[in-house]
Amino acid sequence: MATRLFAAPSPHIHGGETTRRIMLDVILALMPALAVSAYVMGWRVLFITAVAVAGCVVFEYLISRFLLKRGSTIGDLSAIVTGLLLAFNLPVGIPWWIVLIGALIAIGVGKMTFGGLGCNPFNPALTGRIFLLIAYPVQMTDWTTHAPDALSGSTMLAEVKGSTYDAAGNIVLGNMNLTNVNFMDMFSGYMNGSMGEIAALALILGGLYLLWRRVISWHIPVAVLGTMAIFAVCVALSIGGGELCYQLPLFHILAGGALLGAIFMATDYSTSPMTHKGMLIYGVGIGLITMIIRLWGAYPEGMSFAIFIMNAATPLINKYCRPKRFGTGQTAKK
Amino acid sequence: MRTFPIGGIHPHDNKEWSKDKAIEVLELPDEAKIAMIQHIGAPSTPVVQKGDKVLTGQLIGQAVGFVSANIHSPISGTVTAVDAYPNGQGQRRMMVVIKREGDEWVDTIDRTPEHKRECTLTPQEIVAKIKDAGIVGLGGAQFPTHVKLSIPDGQKAEVVIINGVECEPYLTSDYRTMLERTEMMLTGVEIVMRAVGVKRAVIGVENNKPDAIAHIREVIKRDNYVGIEVMPLKMRYPQGGEKQLIAAVTGRQVAPPPALPISVGAVVCNVSTAVAIYEAVQKNKPLIERVVTVTGKHLKTTHNYLARFGTPVSRLFELAGIPEGDVKLLNGGPMMGRAVVDITAPLIKGCSGLTVLSGKEAARGKELQCIKCGKCVEACPMGLEPYILSKLAKLQKWDMAEEHNTVDCIECGCCSYTCPSYLPLLDYIRIGKQTVMTNIRARAAANNNKK
């Protein structure tokens, strides 16, 4: 065999990071939460997740091959991530055919309409979830079917929703007394909610894995959760302070989809800002909107809407939060 | 430990293949082709003709204008042709071809082995000698050194920074130079300090070369080099970029083009260039040879040669044993080196190493869609947005590329290296940068005509 020269411009080596590997990392990071969920809520979790994942993959394949008439893109594994995240945002008792409709909306409307991976302005899984929440409100908020025995039919966020103002204009918590909440249960996964949002510890582990693999940076999760915590402390102070000052922020971070949203949904590459500064603004926005909806909105949970709204703001944030050009910092002499 | 402020990547340094190979003097070539353009600026004019006898170190190409460099014969013999031949990239360039007869040197060159430390020349005399010797930046940029050392009126140098970073993977020629030619380098640094009138010099070395750091420090102490210090830097590519190195060492950032390093008081010079300066000023020896690494995982042997310019690149590869099958031969390292397509091309001044990658190592992945992960933005050491610049170049939106500061790009390749979708970001950015620079020059020329 002879030696054959070939040529191309520099750089001649690559770091080895691939889209597929990134998506695989996200899938791996979601596995602990899936396991906890299946343990707490039963086998149906795996069934619904399988339906969502299969639906997303098949719809992406069909759309890219037969509607867009281009090569299949399912090899990048992003459809599996969308399927997992969609499933994580659904209650476990939901009928399987609704899951399929959600998958079609997520992939068909949320992702492929805009050109596929990287082109979508809104998080595809959230697009699917929000569609289902509006189209099938009853099935989407039926938490009774497979709930752990200890918990009744509604999520904890719905319980605190009864909050009203007292005569002085302060917020009063509704039916729930936070001192009765078992934070260890919330932490480990014994609470009511969508399939993937209940396992706080597992979600945090997944998040740490993604940080370690450098798939995400800390900016978005910390900004989202930090804003929510600070907001909750302010609310706690306004209604008397005391133990509420740590209970309320802890409650809001552990309840509902805060961790799932902050770590896995808000950090979606194509729908979040490119620079660290932009990520912080985006995260703070999500935290604020979530808390406003949770405390004063019509829905008990505001995470999905908050991320959706900030997705829409991402192009604007990108435009105004550009990286600092080398040599224009204060340290340089004119 | 210090490093530059933004961006950067951590490729495997792959220095283990050649770092322990001492510098060997390479045999002289039987025939040398010497290109008349081995520097940034105007090509030199050949001052010899076919049939002329030349000596080693004799001037054969005269610099044209200020930003240009003299070219000297690396061997002695007879000129057999003055004609255009392909360079490593296959572009035809004017070259002088010399057939070797023995090795007779110009008699003004001091070839004794003694180290000559004392220098009493004035700055002007030093710069003139450097200009005569045809010295250019040996780190790869090939910028004429006398231009760098001629401080413009109104500017003042405060510190000399010596580039011993060698952040480019695989290459070890600067590393060997720092270990084996330490005295020459340090005296060269003293001469540069004298030429630009500063009392302080910093040699920046990355911390993957602890023995070089220790050795230079020892020699500085032993031989009492005053005002020269070694600064270990945290390993990170592209620290050897001039602006990155200045920022790492001084904390100051050179403003965007056309600002020069001198605007923050820095004069930067590579370690091998410092050795060349020593030889030119103290020994009257023009730039006719350099240390060059020949390396790669699949070579039979790796080397650090002291080789004369004009030696065919093929000879160097031959000695190292090129593997069979698909290979990429690089003039330089894998991040910024240029692929060699014609191995009959001669060794040139800016070539600090020849790296051989297998087809597999250098293969480009299949290009996918941009997933907006922002890794290129994070990696860019100039604070640019590579994904936008590349897209704008692809769409031929030159004005917008200019607004997004595409001319700031130093072509380090960090963006393409990190892209998980294997987008050829730098390929497009390079096209955009060149087009925008052409447009800017055309505008300036049009404005001048109006005046």
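**Notebook: helix pairs, domains and the A/B contact**

I'm working from a predicted model here, not an experimental one. For the geometry of that pair, I get an angle of about 145° between H2(A) and H3(A), with the axes 8 Å apart.

Next I asked which residues of H2(A) meet H3(A). From H2(A) I noted Ile48(A), Thr49(A), Ala52(A), Val53(A), Gly55(A), Cys56(A), Val57(A) and Glu60(A). Facing them in H3(A) are Ala79(A), Ile80(A), Thr82(A), Gly83(A), Leu84(A), Leu86(A) and Ala87(A). Sorted by class, this contact comes out as 10 nonpolar, four polar and one charged residues.

I then went to H13 (276-296) and H14 (303-320) of chain A, which pack at about 150° with their axes 9 Å apart. Angles over 145 degrees count as roughly antiparallel, so I logged H13(A) and H14(A) as roughly antiparallel to each other. H13(A) passes H14(A) in a right-handed crossing.

H13(A) brings Gly278(A), Ile281(A), Tyr282(A), Gly285(A), Ile286(A), Ile289(A), Thr290(A) and Ile293(A). H14(A) answers with residues including Met303(A), Phe305(A), Ile309(A), Met310(A), Ile317(A) and Asn318(A). The class count for H13(A) with H14(A) is 13 nonpolar, five polar and no charged residues.

**Domains of chain A**

How is chain A divided? The domain assignment gives me domain 1 at 19-140 and domain 2 at 156-320. Their C-alpha centres lie 22 Å apart. I find 32 residues of domain 1 of chain A and 27 residues of domain 2 of chain A in the contact.

I checked which helices build the domain 1 side that touches domain 2 in chain A: H1 (19-41), H2 (44-67), H3 (78-88) and H5 (124-135) each give at least two residues. H1(A) has the largest share of that side, with 13 residues. By class, I read 25 nonpolar, five polar and two charged residues on this side of domain 1 of chain A.

**Chain B against chain A**

Over to the interface between chains. I see 58 residues of chain B in contact with 40 residues of chain A. On the chain B side, the elements giving two or more residues are strands S15 (325-331) and S16 (338-339), plus helices H9 (359-362), H13 (414-418) and H14 (425-450). Which element of chain B has the largest share? S15(B) does, with six residues. I sorted the chain B side by class as well: 30 nonpolar, 15 polar and 13 charged residues.

Strand S1 (residues 3-5) of chain A pairs with S15(B) in the parallel sense, over three bridges. In this stretch I found Leu5(A) standing opposite Val327(B) in S15(B).

**A sheet in chain B**

Last entry: three strands of chain B form an open sheet in the order S3-S5-S6, with antiparallel pairing. S3 (45-46) and S6 (71-72) of chain B are at the edges, and each has a single partner strand, so one side of each is left without a neighbour in the sheet. I followed S5 (residues 59-62) of chain B to S6(B): two bridges join them, and they run antiparallel. Leu59(B) is opposite His72(B) in S6(B).

Terms used: Residues are numbered from 1 along each chain as its sequence is written. Chains are lettered from A and ligands numbered from 1 in the order in which they are written. This is a predicted model: local features need pLDDT of at least 70, side-chain atom pairs count only at pLDDT 80 or more; totals for chains, interfaces and linings use all residues. Domain bounds come from an automatic or database domain assignment. Two residues are in contact if their C-beta atoms, placed from the backbone, lie within 7 Å. Helices (H or I, at least four residues) and strands (E, at least two) are DSSP runs, numbered from the N terminus. Ala, Val, Leu, Ile, Met, Phe, Trp, Tyr, Cys and Pro count as nonpolar, Asp, Glu, Lys and Arg as charged, and the others, Gly among them, as polar. Two strands pair if DSSP finds at least two bridges between them. Axes are lines fitted to C-alpha atoms, for helices over the stretch in contact, and angles run from 0 to 180 degrees between N-to-C directions. Angles under 35 degrees count as roughly parallel, over 145 as roughly antiparallel, 65 to 115 as roughly perpendicular and the rest as oblique. A crossing is left-handed if the near helix is turned anticlockwise from the far one by less than a right angle, and right-handed if clockwise.
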